[in-house]
Amino acid sequence: MTPSWRKPAGALLLLVLIALWAGLIASLSRVIGGLPALAQAGFYLVTGLIWIAPLKPLLRWMETGRWRAQK
């Protein structure tokens, strides 16, 4: 059995997605810094969880080669 190229490619894509997301959120820091502390905490809590959403299809693709679950 030959190793799949999808796992290293998926890991690289995951790192790229995280870097892009972190850059986007960091670029908003000047605007977010002007908000009250609780609003900042809420913003960073929500944006810290949102990036997880694309992981399930990406991990599925890495394992099976399909983006969607089979019916």
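How exposed is Y44, in terms of relative accessibility? At 36%, Y44 counts as partly exposed, because the value falls between the 20% limit for buried and the 50% limit for exposed. The model described here is predicted.

## Aromatic pairs

The structure holds three aromatic pairs. One of them joins W5 and W61 in an edge-to-face arrangement, with 5.6 Å centre to centre and 70° between the planes. This pair links distant parts of the chain: W5 lies in the segment before α1 (6-27), W61 lies in helix α4 (residues 55-64), and 56 residues separate them. W5 is exposed at 60% relative accessibility, whereas W61 is buried at 12%.

F43 and Y44 also form an edge-to-face pair, with 5.2 Å centre to centre and an angle of 75° between the planes. F43 has a relative accessible area of 21% and is partly exposed; it is not classed as buried because that class requires a value under 20%.

## The tryptophan cluster

W5, W61 and W67 are linked into a cluster by ring pairs.

## Surroundings of T47

T47 belongs to helix α3 (residues 37-50). With a relative accessible area of 10%, T47 is buried. A polar atom of the T47 side chain lies 3.5 Å from the backbone oxygen of Y44.

Apart from its neighbours within four places in sequence, T47 is in contact with W21 and I25.

Methods:
Residues are numbered from 1 along each chain as its sequence is written. This is a predicted model: local features need pLDDT of at least 70, side-chain atom pairs count only at pLDDT 80 or more; totals for chains, interfaces and linings use all residues. Side-chain values use heavy atoms; hydrogens and water are left out. Rings of Phe, Tyr and Trp (its six-membered ring) pair if their centres lie within 6.5 Å; planes under 30 degrees apart count as stacked, over 60 as edge-to-face and the rest as tilted. Helices (H or I, at least four residues) and strands (E, at least two) are DSSP runs, numbered from the N terminus. Buried means under 20% relative accessible area, exposed over 50%, partly exposed in between (1.4 Å probe, protein chains only). A polar contact is a pair of N or O atoms within 3.5 Å; within protein, one must be able to donate a hydrogen and the other to accept it, and residues adjacent in sequence count only if both atoms are side-chain atoms. Contact means heavy atoms within 4.5 Å.
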